[in-house]
Amino acid sequence: MHVDIGKLRKLGEAKSSRIIVALDDLPGGVSPQSIDIFLEEIAKYVVGIKIGLPLVLAMDISDVAELIGRFKGDFYFLADFKLADIPSIVKKELSLIERNGFDGAILHLFPLGLEEVLNDKDNISLDVFGLVAMSHPEARLLDQHFGDLLEYSTRLSLSGVVLPATKPELIQKARKYLPPRYTIISPGIGAQGAEPGTALKHGADFEIVGRMLTMSRDPRDVAEKIVVEQRRWLR
């Protein structure tokens, strides 16, 4: 497992941006054509595209793979399929995700026993991010085990962790605890309540933005404004 997420960091530096878009829906619905138009509009300011099950189920995995192929050099593609299963299934899922062109994937850490998959450096070259806490205010069960999951993440060969921008105190704690090489990506910017730059201010490396961008009438303008705010914390 590679712990160097060079592509994500390289794109972030090239664009002076830390935006990852959660691409779940668009105002007129999702199709290869509508997504192409959206991605072309935001390409100058957005580093990564997070694709979850809503998009895959609304389209087709072959359409998603072709989409990734068309924009492979412009964005870092992150699969967020809520992986949480026994190690052998997770191993197969990660392999299929990689085969379809994704650069990275998010998985839940609470099943434990993932060492045999994630610490096998000959297994896959996909970047893997462990979900330690969620942005949803009712994710109290995960929050109660924040310390355990954070500690467990350091025993795995991960590229980084997912921590919510809506809970900046958790980002601060994680940044102090995790090895410097771990990248923190943070959802919750915009519709869920956190302002752009909030997560970066508290130690995150990238911010995940969803509806604030995808449902905007002028996503290019919104993306530019987010980047301007983010750059206050990138100096």
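In this predicted model, K7, K72 and D103 are joined to one another in a network of salt bridges.

- Because K72 sits in the loop between helix 4 (61-70) and strand 3 (76-83), while D103 sits in the loop between helix 5 (87-99) and strand 4 (104-108), the pair ties together parts that are 31 residues apart in sequence.
- K72 is partly exposed, its relative accessible area being 30%, whereas D103 counts as buried at 13% relative accessibility.

**The pair D80 and K82**
- The side chains of D80 and K82 also meet in a salt bridge, with an N to O distance of 3.0 Å.
- Here D80 counts as buried, at 7% relative accessibility, while K82 is partly exposed, with a relative accessible area of 41%.

**The pair E115 and R155**
- A further salt bridge brings together the side chains of E115 and R155, at 3.6 Å from N to O.
- E115 belongs to helix 6 (residues 115-118) and R155 to the loop between helix 8 (146-153) and strand 6 (160-162), so this pair ties together parts that are 40 residues apart in sequence.
- E115 counts as partly exposed, at 27% relative accessibility, and R155 is partly exposed as well, with a relative accessible area of 43%.

Methods:
Residues are numbered from 1 along each chain as its sequence is written. This is a predicted model: local features need pLDDT of at least 70, side-chain atom pairs count only at pLDDT 80 or more; totals for chains, interfaces and linings use all residues. Side-chain values use heavy atoms; hydrogens and water are left out. Helices (H or I, at least four residues) and strands (E, at least two) are DSSP runs, numbered from the N terminus. Buried means under 20% relative accessible area, exposed over 50%, partly exposed in between (1.4 Å probe, protein chains only). A salt bridge is a side-chain nitrogen of Lys or Arg within 4 Å of a carboxyl oxygen of Asp or Glu.
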